[in-house]
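Biologist: I have a model open and would like to learn how to read its features one at a time. Could you take me through it?

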Amino acid sequence: MLTIPNVLLNDGNRIPQLGFGVWQVSTRQIVPVVSTALEAGYRHIDTAAAYGNEHGVGQAIRESAIPRHQLYVTTKLDNSDQGHARHALEDSLAALGLDYVDLVFCHRADPDTPLEETVRAMSDMITAGDR
């Protein structure tokens with residue numbers, strides 16, 4: 001099994017140095033693929049609403065014997081969701097079937113949504129304790 005070191009972030013949290021990304025993993029394959037990654041030692045799973053496989057990622061996590069607090073789950077805001085980050089995060093949490101994710105990225109900057117607006121919405125979620 002892999003032993004992947006963690007990196008200390010500026011806010012005191014730690015993130016596994018190596019993550020397992022699930023872009024282009026089909027909904028049919030996602031549960032066994034993520035399950036195999038977790039069995040191999042990965043503890044950071046990277047997904048996105050745009051990938052269409054968050055439900056399977058969450059299922060594999062829930063079915064694993066690994067306590068949730070030992071995993072690091074990231075997802076991403078799609079361009080069309082950057083103006084309403086909180087709603088998009090709630091949708092991702094529902095799809096994943098998880099109470100929280102550890103990190104939310106902007107998939108890429110949306111030229112039609114001011115970056116300050118997205119950053120403010122994400123900062124507000126942290127302040128409110130929506131982690």
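Biologist: Let me start with R14. Is R14 buried, partly exposed or exposed?

Modeller: This is a predicted model, so everything here is computed from its atoms. R14 has a relative accessibility of 48%, so it counts as partly exposed.

Biologist: Where does R14 sit, and what does R14 touch?

Modeller: R14 belongs to strand β2, residues 14-16. Setting aside residues up to four places away in sequence, R14 touches N6, V7, L8 and Y72. For a sense of distance, take D99, which is 85 residues from R14 along the chain: their C-alpha atoms are 19 Å apart.

Biologist: And N53, is that residue buried or exposed?

Modeller: Buried means under 20% relative accessible area. N53 has 1%, so it is buried. N53 is found in the loop between β4 (44-46) and α2 (54-63). Beyond its neighbours within four places in sequence, N53 contacts V22, V25, I30, T47 and A48.

Biologist: I30 makes me curious about α1. Which residues of α1 are buried?

Modeller: In α1 the buried residues are I30, V31, V34, A37 and L38. Viewed down the helix axis they fall within an arc of 130°, so they line one face of α1. The cover over these buried residues includes β3, β4 and α2.

Biologist: How can I check the length of a helix, say α3?

Modeller: Compare an expected span with the distance between the end C-alpha atoms. At 1.5 Å a residue, the 12 residues of α3 should span 16 Å, and its end C-alpha atoms are 16 Å apart, so the two agree.

Biologist: Which residues of α3 are buried, and what covers them?

Modeller: They are A85, A88, L89, S92, L93 and L96. Their arc around the axis of α3 is 140°, so they line one face of the helix. Among the elements covering them are α2, β5, β6 and α4.

Biologist: What does the span check give for α4?

Modeller: Helix α4 has 13 residues, 115-127, which should span 18 Å at 1.5 Å a residue; the end C-alpha atoms are 18 Å apart, which agrees. The buried residues of α4 are T118, M122 and M125. They cover an arc of only 55° around the axis, so they lie on the same side of α4. The face turned away from that buried side carries the exposed residues E116 and T127. Cover for the buried residues of α4 includes β5 (72-77), α3 (85-96) and β6 (103-106).

Biologist: What should I look for in the phi angles?

Modeller: Most residues other than glycine have a negative phi. Q24 is not a glycine, yet its phi is positive, about 70°. Q24 lies in the loop between β3 (20-21) and α1 (30-40). With a relative accessible area of 64%, Q24 is exposed.

Biologist: Last topic: how do I read a pocket?

Modeller: Rolling a probe the size of a water molecule over the atoms shows where empty space is left. Here, the second largest pocket has a volume of about 180 Å³. It is lined by 13 residues, and N6, P16, R43, Q70 and L71 lie nearest its centre. By class, the lining of this pocket has 5 nonpolar, 5 polar and 3 charged residues.

How values were computed:
Residues numbered from 1 in each chain as written. Predicted model: local features only at pLDDT ≥ 70, side-chain atom pairs only at ≥ 80, totals over all residues. Heavy atoms only, no water. 1 Å grid on protein atoms, 1.4 Å probe; cavity = no way out; pocket = protein on both sides within 12 Å on 5 of 7 lines; lining within 4 Å. Points joined across faces, edges and corners; volume = space filled by probe spheres on them. Nonpolar A, V, L, I, M, F, W, Y, C, P; charged D, E, K, R; others polar. Helix = DSSP H or I, 4+ residues; strand = E, 2+ residues; numbered from the N terminus. Expected span 1.5 Å × (residues − 1). Buried < 20%, exposed > 50% of the residue type's maximum accessible area, 1.4 Å probe, protein only. Arc of directions from axis to C-beta. Contact = heavy atoms within 4.5 Å.
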